[in-house]
Every structure is written in C-alpha cells, then in structure tokens.
Amino acid sequence: MTQTVLLVGATGMLGGRIAHHLLEQPETHVRLLVRNVSNKEKSETIQGLVKRGAELVEGDLTDTTSLDRATQGVDVIVSAVQGGPDVVVEGQVALAESGRRNGVRRILPSDFGLDLFKATPGEHAAFNWRASADEKIAALGMEHIHVLQGGFMDMFGPGSPLVDYEKGVISFWGDGERPIEVTTVDDTARMTAHVALDRSLTSGKFAFAGDHVSFHQVADTAEKITGIRFERRSKGTEAELRAALDHAAGSNPMEAIMLAYQLYMLNGQTALTSLRNNQYPDVTLQGFESFLRGRFFQRNS
Ligand SMILES: NC(=O)c1ccc[n+]([C@@H]2O[C@H](COP(=O)([O-])OP(=O)(O)OC[C@H]3O[C@@H](n4cnc5c(N)ncnc54)[C@H](OP(=O)(O)O)[C@@H]3O)[C@@H](O)[C@H]2O)c1
C-alpha cells in the first residue's frame, strides 16, 4: 500500500539526500514542503526532485494554513529542518500539530545527532531545543521516531573545521582518545528513508553508526591514506573547554553550541547505545576509512 511522506527541508544538506532516497523507495509518494519556491537555486534543486515524481507544496513552518495544506493525506512526516528555537521548537511543533489534525500517523523530527536526550539541560542549546520539541511532539500521541546517527562523518573529511588536510593538523579538546559515533550524510539519509516507511517500528530512538572514531584514529587513517604526518594539537582540558563554553554562552551563542558539541564528544555523555546498524539488509553503512578513501579518490581523480 502506497505511503505518502511529507518531507520538510528538502533544499537543505541532509534533506536533499533524504528526498533522493525516499524517491528510490517503492510504493512511496513524496511530497515536499518548500518555502520561497521562486528562488532560482532552490527551484533548480527542487525541479530535479519534481521531475523524479515529488509533489511540491509551497509553505513555511510559520504559516499554519500552508502546513494544513501540506499534511492532508500524509502518512509520515520527515523533518530535516535546521534553525533556532523558532524553527526547531515552534515550527516543528506546529508541523506536528497540523499532522495530528490531519490524521498523520508518524513523525520523524529533525534530531540527527548524538543522543540529545542525555544532554544536561542548559548546556547544549541545540540539543535542548530538539529535546523540548520532541517532548511536545510526543505529547500529541502520534508515532514519533528519533533518528540518531552521531556526528556526520563528513565533518572529519577534507574541508573539515576540525582537520586541516592541507597543513596536516588535527585539533581537539582533551586527549583525543574517546571514539564517537559517526555516519555519512548519505547513509543517514538512506536509513531515514527506510525508518520513515517501516511500519514495524514503534515510537522512540532509532540509533545507528557507520563507525566509531577518536581524533587519533581520524589522524591515523588520514596518515595512512595521504602519507602525510598529522600534528595532533590539544586545545586544553575538559575544565578549560567548560570555561570557554561558559564564556561563549554569555557572548556568542553559536560558538557555545559548537563548544557544547565538542564537550559531549570529549566526555561521551551523549553517546549512542542500542545501535540498529543491521536493521535493513539492503543498507550497509560505510566505515571511516572507506569514506575517507572515497573523498580523496574523488578529489584527485
Ligand atoms: N550530527 C551532525 O554532525 C550534524 C551536522 C549537521 C546537521 N545536522 C542535523 O541535520 C539536520 C539538517 O541539517 P542541515 O545542515 O541539512 O540543514 P540545512 O542545510 O541548513 O537545511 C535546513 C532546511 O530547513 C529548511 N527550513 C528552515 N526553516 C524553515 C521554515 N521556517 N519553513 C520551511 N523550511 C524551513 C530550509 O529551507 P530553506 O532552503 O528555505 O532555507 C532547509 O531546507 C538538523 O537537525 C541538524 O542539526 C547534524
């Protein structure tokens, strides 16, 4: 039986890949909620998806009428939005409420990270917004599934703010020894498409990871592939990171969020458990070495 999936965020980095993988699934009708459709760049991305069969609904999370138009006849909502509390909390809750009014069965909120439910309230604003939205969404009584894949592996590839592949330098807080869960953007999107449509799942976390890597393991792998020796620089202890976080919290909220991510990478507080990597026989998650080799092969070919 065909399921209709409403995807919000298809013009984004992750959402574009989710749209691609949803369109690959059999018996699936894909509807996209997109704002400012007339924007040329967006319209090119979107037109590609429309040519492959996606239905386009113009709308905005801040516009309830557009949400009601978009959620009618929908089985599952997938949100891949990004933003501040107006988007992540108010916007997503309005989307879920509209879904509830229109009989939508399931929602996948835009979680896509480490286990944000284990974050200390007040420490990591981006996790706190998601946890707050997720609590309100759960109270609506729809099925709600939280896709958690750790960090994007792509963050550790060429172009990463954490690893300078040109200069051969990797920077981290602490001793750089703790591994964290990482998954490619594309594997995250592929799994999300399966999770959205899998009628056997019940509400709760759905965690998986393509690999576990520490900063030293990233450096070891980069050295193996590039032949370059990487300098490994610690920026300070956990106590110094916490002091930097406290300072940024009052003056630079975006910097505070980046530091909070690094704090949880350092202390493992939001590590994923109960990984379901093998849930779908046709999905094999890529490991870090294979990912990095692919990136270097692409760059140098
Ligand atoms: N774990 C990790 O390492 C990691 C890293 C990066 C991202 N993420 C997560 O992945 C998810 C997606 O992030 P992303 O980087 O792919 O985001 P992104 O590229 O910034 O895309 C965000 C999408 O949300 C849409 N959007 C924002 N506000 C909207 C509104 N009011 N109404 C309708 N659409 C709206 C944007 O539409 P417009 O094109 O119109 O702006 C865009 O399509 C987020 O949950 C983020 O936290 C995780």
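Helices here are DSSP runs of H or I with at least four residues, numbered from the N terminus. The model is predicted: local features need pLDDT of at least 70, side-chain atom pairs need 80 or more, and totals for chains, interfaces and linings use all residues. Residues count from 1 along each chain as its sequence is written, and side-chain values use heavy atoms, without hydrogens or water.

**Stop one: two helices.** Select α5 (residues 125–139) and α9 (residues 253–267). They pack at about 85 degrees, with axes 8 Å apart. Because 65 to 115 degrees counts as roughly perpendicular, α5 is roughly perpendicular to α9. Axes are lines fitted to C-alpha atoms over the stretch in contact, with angles from 0 to 180 degrees between N-to-C directions.

Now show A125, A126, F127 and W129 of α5, then I257, Y261 and Y264 of α9. These make the contact (heavy atoms within 4.5 Å).

**Stop two: the ligand.** Select the 23 residues around the ligand (a heavy atom within 4 Å). T11, L14, R35, K42 and S110 come nearest. Zoom in on T11: a polar side-chain atom lies 2.5 Å from a ligand oxygen. For R130, that distance is 3.0 Å.

Notes:
Parallel < 35°, antiparallel > 145°, perpendicular 65-115°, else oblique. Polar contact = N/O pair within 3.5 Å; in protein donor to acceptor, adjacent residues only side chain to side chain.
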